[in-house]
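Here are my notes for a first look at this one. Have the model open and follow along point by point.

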Amino acid sequence: MERQDINSFIERNLKNFSVNSTGWNDLIGRMLSELIAAGWNIEHDVFGKEKFGGLRCYIYSEDEELNARLKKITHKYARLSGKTCEICGGEGKLRIINSWETTLCIHHFIDQKPIMEIDEKQNIIYEKKPVLNLEDIVKAEVEFDLKQLNLYIKNSINTDEPFSFSSQDPNYYLLLKAVPLHLFTEDIQNRISDLFQNLQDCEICGHKAIYHQSCLRCHNEPWSASKYHEEEYGEKLEYIKECQMDIFIDEDGYEEYFEYDCSFEKNPGHQILFTPTEIEEYKKLLF
Ligand SMILES: [Zn+2]
Ligand SMILES: [Zn+2]
């Protein structure tokens, strides 16, 4: 078959893929080439789309053997799409933006879900743009066990639309600490003070972020917080090592995003306990 025919088949069929951007074009092109090489008749169009952050390709043949070959190829590219940014084609991960799943590199993820910061003038800012000044807040409340913060300014006090922040976003606890305590009801004031006064060092991630036997930064429990730890890991060193390796591998991209989090102090003496050989062995077990 002529290269030219393959190219025009790819060009024509790219339009049949309902995807969010152009980042997967190269991936789709390679998949279409492989489908042809496997025996697909180029007279017939191929269709596909993005679903839950992955590439889906709908292709079927009555010929069972061909069908098996086609499936193998489309599955391979579905897997590859899960690691490819939908916008730029760079290395991506499955991310969740307001309950919508999408595969993005860290830069395009932050474009969609900017990091909140607080500047020296007490402004809460996103992408250098202030959205709210801490001094303008007239009422503050928390929900979901302090994991969501709602802030009201004078104009929004009687509406149901506060400025809301979630612990799933970097710098959340930095903000919670910065909001003047007297804006909360008294029992919440006590809970917030208790949280910031009783944080303990986490030996796993190295942040002073353990509260009520769970790390607010890496979400691991300290050793022996659960009776299963000893059963499963035998000793503390093995437990910490494995949790640290999971952080390092960062399968869900959480660490990459939370690198920008300044909520908790870092312990300067924190130690990474696994060796390069151990992480290689561990990856082999996982993937
Ligand atoms: Zn990207
Ligand atoms: Zn931690």
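1. A word on terms before we start: two strands pair if DSSP finds at least two bridges between them. Helices (H or I, at least four residues) and strands (E, at least two) are DSSP runs, numbered from the N terminus.

2. Keep in mind that this is a predicted model, where local features need pLDDT of at least 70 and side-chain atom pairs count only at pLDDT 80 or more, while totals for chains, interfaces and linings use all residues. Residues are numbered from 1 along each chain as its sequence is written, and chains are lettered from A and ligands numbered from 1 in the order in which they are written.

3. Start with the strands. β10 (residues 148-153) runs antiparallel to β9 (residues 137-143), with six bridges joining them. I137 has I153 as its bridge partner in β10. The two strands make a hairpin with four residues between them, and F144 in that turn shows a positive phi of about 50°.

4. β10 also runs antiparallel to β11 (residues 163-166), this time through four bridges. Look for L151, which sits opposite F163 in β11.

5. Now step back to the domains, whose bounds come from an automatic or database domain assignment. The chain is split into domain 1 (3-93), domain 2 (114-196) and domain 3 (200-286). The C-alpha centres of domain 1 and domain 2 are 45 Å apart.

6. Finally, is E91 buried or exposed? E91 counts as exposed because it has 10 C-beta neighbours inside 10 Å; the cut-offs are 12 or fewer for exposed and 20 or more for buried, with partly exposed in between, using C-beta atoms placed from the backbone. E91 lies in the loop between α3 (64-81) and β4 (93-97).
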